[in-house]
Protein chains: 2
Amino acid sequence: MYMQKMTEQVVCTYDDPVVETKHGKLRGVKTQGTYIFRGIRYAEAKRFHFPTEVEPWEGVREAFQFGHVCCELNTPIPHDQYTVPHFFYPQNENCQYLNVWTQRLDKTAKRPVMVWLHGGGWFSGSSVELLAYDGENLSKTDDVVVVSINHRLNVLGYLDLSQYGEQYRDSANAGLGDLVMALKWIHENIAQFGGDPENVTIFGQSGGGGKVVALMQTPAADNYYQKAIIQSGGPTAQGRENTENARKVSQRCAQLILQYLRIAPENVEQVETVDWYDLAQATMNAIWTIQNREGGKVSWGPHPDGAYYLGHPLDYGWRQESLSKPMLVGSVLGEFSGNFNQKIGDGIKNKWDAAAIDTYRKEKFGEKADTMAKLFASAYPDRNPADVLFLDTGLRKGCLNFCRKRAQAGGPTWNWLFNLESPFNYGTMAWHNAEEPYVFRNSAYIEAQYIPVVSERLEDEMAGAWVQFARTGDPNFEKLPQWPKASADSVPTMCFDEVTDLRVDHDRTLMEAYPQPERKGFPGSGKMFAMFGVKPEE
Amino acid sequence: MYMQKMTEQVVCTYDDPVVETKHGKLRGVKTQGTYIFRGIRYAEAKRFHFPTEVEPWEGVREAFQFGHVCCELNTPIPHDQYTVPHFFYPQNENCQYLNVWTQRLDKTAKRPVMVWLHGGGWFSGSSVELLAYDGENLSKTDDVVVVSINHRLNVLGYLDLSQYGEQYRDSANAGLGDLVMALKWIHENIAQFGGDPENVTIFGQSGGGGKVVALMQTPAADNYYQKAIIQSGGPTAQGRENTENARKVSQRCAQLILQYLRIAPENVEQVETVDWYDLAQATMNAIWTIQNREGGKVSWGPHPDGAYYLGHPLDYGWRQESLSKPMLVGSVLGEFSGNFNQKIGDGIKNKWDAAAIDTYRKEKFGEKADTMAKLFASAYPDRNPADVLFLDTGLRKGCLNFCRKRAQAGGPTWNWLFNLESPFNYGTMAWHNAEEPYVFRNSAYIEAQYIPVVSERLEDEMAGAWVQFARTGDPNFEKLPQWPKASADSVPTMCFDEVTDLRVDHDRTLMEAYPQPERKGFPGSGKMFAMFGVKPEE
């Protein structure tokens with residue numbers, strides 16, 4: 001997150017650069033022409049409560065270091081640090097911070113604002129978790145204001161304590177409340193940073209895509225953004241919200257947590273002040289009990305309550321207030337099924353001969369092998385036939401369905417797919433997260449992804465389309481082929497690749513014919529380990 | 001730690017680049033011409049035991065992601081992220097990993113090897129903790145092999161369990177044992193990475209300087225390195241080892257930890273398998289008890305045992321085996337006393353007028369104020385007179401003393417001081433860590449430090465001198481004035497600054513006259529917070 005090799009001296013002094021916000025003055029840095037304000041507090045919150053506005057202050061507050069990121073229950077093993085380089089950061093539940101990158105501090109500039117919502121489900125990650133998220137290059141090249149946000153995650157953001165009293169009515173949506181407060185802060189303050197408060201695009205990947213869709217179903221956020229982009233996340237509720245069970249499980253989790261912390265219901269307030277590590281340990285134990293003894297499944301995220309958060313549109317219906325906002329919707333070719341994540345056969349897919357591919361295809365598809373080969377060749381005549389073994393279906397099918405349904409309901413929606421293969425290991429299909437460096441113009445910093453000339457061109461196309469969309473509500477611009485909106489019947493897909501082209505329903509039959517993968521829990525969860533050993537309490 | 005903006009495609013495939021080590025094959029990456037092998041396992045270890053060699057393996061192991069860093073007892077608040085940018089990384093006690101940057105994988109190349117020992121006392125930090133530690137630029141510009149090491153810290157590396165049996169004889173030096181094993185690995189394998197196993201320079205800053213000096217007093221390491229550099233650390237044992245009390249305190253700590261974990265002495269082996277978080281919590285409680293109830297002070301680090309580790313040379317005597325090795329010894333002007341760490345007066349030191357400086361000088365030095373002003377003007381005629389208020393004395397005096405004593409004993413020793421002021425906040429004196437980006441040629445990545453032209457020149461001087469020393473055992477080269485060794489009577493100091501010059505005993509009287517600062521515990525400790533709340537157990 002400090003990636004630029006500088007050629008100019010940075011400005012960062014007691015009184016320069018300084019911006020006056022609604023609550024007080026902030027000073028950031030000016031580096032290579034870009035103003036960066038890191039770790040701006042946008043709200044305050046007591047544990048398990050909705051956030052409140054920050055208190056006004058005198059003088060000038062520092063905003064040149066990133067703020068704390070939210071505590072996680074798990075510590076990742078650095079298993080994908082090469083493909084998806086992380087920037088880990090100190091954690092604290094007081095994490096309501098955002099970061100701003102901008103080219104000008106001029107109230108009249110009114111540049112488009114792009115607000116990044118990080119991935120990691122609703123349980124992990126941060127605004128600075130990935131090197132790809134650094135906003136400097138995007139802001140500088142395209143003269144936009146980039147904002148990224150930390151907010152409460154996991155038990156801290158979404159535990160349903162409502163059974164213990166009216167004061168916890170909103171605990172199950174507290175982390176979503178953080179996001180709304182961040183958007184409110186942006187609405188009220190971003191003009192001072194050269195941004196247009198009436199032209200805000202929210203965009204996010206994976207869990208961040210889910211957050212974008214959730215905000216579109218949260219009336220309190222309606223006035224704070226005008227456009228939305230989802231990347232490899234959000235097209236379905238992933239089987240969480242649309243069961244009546246979800247809230248019950250969260251409530252059961254709350255009961256067990258109190259029990260393990262030896263807090264009687266009448267003393268429930270104590271749960272607001274116990275040490276985080278004790279709360280985390282009790283939570284891990286509660287999850288263990290629910291999942292191993294009671295047959296439930298704990299899945300963090302906001303809870304539809306019919307008022308603050310209305311639930312996923314495919315389960316609870318589209319809202320006109322959101323439908324009028326244009327959306328970009330897409331995913332990547334391999335996601336969690338590509339040859340980085342999935343082991344098939346021996347050796348290297350790009351060195352297999354036709355016979356080997358045939359063998360593996362038969363192993364995977366059985367008697368449908370020939371059909372799948374033909375459907376794949378028809379959809380992707382330019383690709384290695386081996387790639388049919390490694391296609392993502394979950395997110396791709398979800399996006400196609402989301403696009404069709406939204407178009408049918410009247411929402412302007414464009415679909416895309418990121419297909420560029422990385423040179424890593426003689427060719428690695430686009431993994432979950434692979435498009436992010438291209439959206440942020442940071443691909444030259446990702447060892448596993450950078451391809452000279454190709455990467456620069458593709459950044460110009462993708463970041464260019466994203467920015468064009470943020471500016472105008474339509475991603476069409478001169479560097480891309482004509483890109484029509486999705487309709488109820490048909491989904492044109494912009495396929496970003498070495499040669500980017502538009503294909504219409506090119507993989508529809510392929511996706512419909514593809515066998516349903518076995519559900520193996522949250523992808524990547526096998527690579528996480530619990531921060532705490534689980535110690536079941538009887 | 002992934003800082004290069006690339007212009008070439010990285011090579012990282014199943015069989016390229018691959019190196020055959022003593023135990024098996026490793027594959028790394030080749031980026032912009034530099035071969036990087038990250039996260040090489042150099043040893044294995046059971047908790048509280050000396051490390052052992054890694055088991056040989058078949059096939060090719062991956063070495064393109066950094067390995068786990070050692071667990072810490074504290075989580076830092078990001079208070080100095082702007083001045084000293086950190087790269088936080090997942091922690092695990094199985095942390096015996098090292099990283100290699102090199103320009104060639106040619107056994108006959110025999111390039112100088114520079115082995116970096118990170119700072120953070122003996123209780124925190126890692127080989128990748130700071131952006132400044134990235135070895136790519138140093139390796140590339142100067143054609144040297146750079147290695148950096150993780151090893152066990154704090155309770156995991158230095159708890160004295162010897163009272164519980166012969167099997168724990170070495171637990172108090174286990175982390176030092178890791179360092180020795182790393183050097184052994186380098187000795188046995190670095191030729192395959194283009195390095196000269198008979199020309200190894202160990203260098204480290206702060207705690208890393210302490211580790212360099214400790215290794216010089218560890219006979220098992222004697223054959224594994226030929227030169228040594230200490231930066232702002234190591235000239236004294238910091239009052240730890242040279243009290244008889246240190247070992248007693250560590251042993252008391254062990255007793256309390258067992259007690260808090262409810263492990264009876266006859267079941268002591270259980271302490272090897274309890275969850276890390278339980279061990280950490282018990283350790284925090286033990287430290288609390290010792291420091292608040294028993295008047296002791298817990299300070300992690302190796303323990304002189306008269307055999308494996310012989311103790312600091314100023315307390316336990318110089319060893320001829322080490323004295324023959326040339327050393328660079330130095331520190332920086334402000335360290336923990338500069339105007340980044342120490343608040344004096346109102347406003348900004350570089351905007352004070354003469355009257356304000358006079359006032360603050362009188363407040364600090366009382367009737368010695370005029371003397372101090374004169375001594376400072378004589379030592380630093382080119383500096384702002386206000387700077388006398390912010391001088392480091394602890395490390396500077398320590399280095400001067402160390403140089404004189406070592407020279408007297410016959411050891412070739414050169415002294416240096418890093419004085420460059422940063423442009424941050426209208427001028428910030430060189431802080432603890434400030435010289436590191438200049439040694440590693442990474443100053444253009446540190447926003448608070450980069451000064452166009454000046455930084456490049458100073459990198460050429462400092463990194464150039466370090467490399468010349470690593471090559472030849474003498475830091476003199478054409479870009480610097482003549483740099484004589486220290487003698488028992490006199491210490492010539494290379495002052496690295498906007499204009500680098502050699503000064504002989506220039507600040508000796510100034511340092512002798514400077515009042516002793518009040519000792520306030522480990523600098524920066526006020527900015528750390530305990531991972532766990534301490535819960536005293538009665």
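Let me start with a pair of helices: in chain A, α9(A) passes α10(A) in a right-handed crossing. Right-handed here says that the near helix is turned clockwise from the far one by less than a right angle, and left-handed that it is turned anticlockwise. Helices are DSSP runs of H or I with at least four residues, strands are runs of E with at least two, and both are numbered from the N terminus.

Before going on, the ground rules. This is a predicted model, where local features need pLDDT of at least 70, side-chain atom pairs count only at pLDDT 80 or more, and totals for chains, interfaces and linings use all residues. Residues are numbered from 1 along each chain as its sequence is written, with chains lettered from A and ligands numbered from 1 in the order in which they are written.

Back to the helices. α9 covers residues 354–365 of chain A and α10 covers residues 369–379 of chain A; their axes come within 8 Å and cross at roughly 115°. That makes α9(A) roughly perpendicular to α10(A). On the terms: axes are lines fitted to C-alpha atoms, for helices over the stretch in contact, and angles run from 0 to 180 degrees between N-to-C directions. Under 35 degrees counts as roughly parallel, over 145 as roughly antiparallel, 65 to 115 as roughly perpendicular, and the rest as oblique.

Who makes the contact? From α9(A), R361(A), K362(A) and F365(A); from α10(A), A369(A), M372(A) and A373(A). Contact means C-beta atoms, placed from the backbone, within 7 Å. By class, that contact has four nonpolar, no polar and two charged residues. Ala, Val, Leu, Ile, Met, Phe, Trp, Tyr, Cys and Pro count as nonpolar, Asp, Glu, Lys and Arg as charged, and the others, Gly among them, as polar.

Next pair, also in chain A. Helix α5 (residues 245–260) and helix α6 (residues 276–292) of chain A have axes that come within 9 Å and cross at roughly 125°. That makes α5(A) oblique to α6(A). The crossing of α5(A) and α6(A) is right-handed. α5(A) brings V249(A), R252(A), C253(A), L256(A), I257(A) and Y260(A). α6(A) answers with A282(A), T283(A), N285(A), A286(A), T289(A) and I290(A). Sorted by class, the contact of α5(A) with α6(A) has eight nonpolar, three polar and one charged.

Now the sheets, in chain B. 11 strands form an open, mixed sheet in the order β3-β4-β7-β9-β8-β10-β11-β12-β13-β14-β15. Strands pair if DSSP finds at least two bridges between them. β3 and β15 (501–504) of chain B are the edge strands, each pairing on one side only. The twist averages 20° from one strand to the next.

What packs on this sheet? Helix α4 (residues 207–216) of chain B does, touching β8 (111–117), β10 (195–205) and β11 (227–231) of chain B. The direction of α4 makes about 130° with that of β10(B). Helix α11 (residues 394–409) of chain B lies across β12 (327–332) and β13 of chain B, at about 165° to β12(B). β13 (residues 413–418) and β14 (residues 492–496) of chain B run parallel, joined by four bridges. There, L417(B) stands opposite C495(B) in β14(B).

The other sheet has three strands of chain B, open and mixed, in the order β1-β2-β5. β1 (18–20) and β5 (60–62) of chain B are at the edges with a single partner strand each, so one side of each has no neighbour in the sheet. Neighbouring strands here are turned by 30° against each other on average, direction ignored. β1(B) and β2 (residues 25–27) of chain B pair in the antiparallel sense over three bridges. E20(B) stands opposite K25(B) in β2(B).

Some backbone details. D16(A) and P17(A) are joined by a cis peptide bond, omega about -10°. P17(A) lies in the segment before β1 (18–20) of chain A. Chain B has a cis peptide bond between D16(B) and P17(B), omega about -5°. V453(A) is not a glycine, yet has a positive phi of about 70°. V453(A) is in the loop between α12 (436–439) and α13 (454–472) of chain A.

Last, the two chains together. A rotation of 180° with 0.0 Å of shift along its axis superposes chain B on chain A, RMSD 0.0 Å. That is the relation of a two-fold axis. The superposition is by least squares on C-alpha atoms of residues with pLDDT of at least 70 in both copies.

How many residues meet? 43 residues of chain B are in contact with 43 residues of chain A. β3 (29–31) and β6 (74–76) of chain B each supply at least two residues of the side that touches chain A. That side of chain B divides into 30 nonpolar, nine polar and four charged residues. 100% of the interface residues of chain B are also interface residues in chain A, so the copies meet through the same surface.

Conventions
Two residues are in contact if their C-beta atoms, placed from the backbone, lie within 7 Å.
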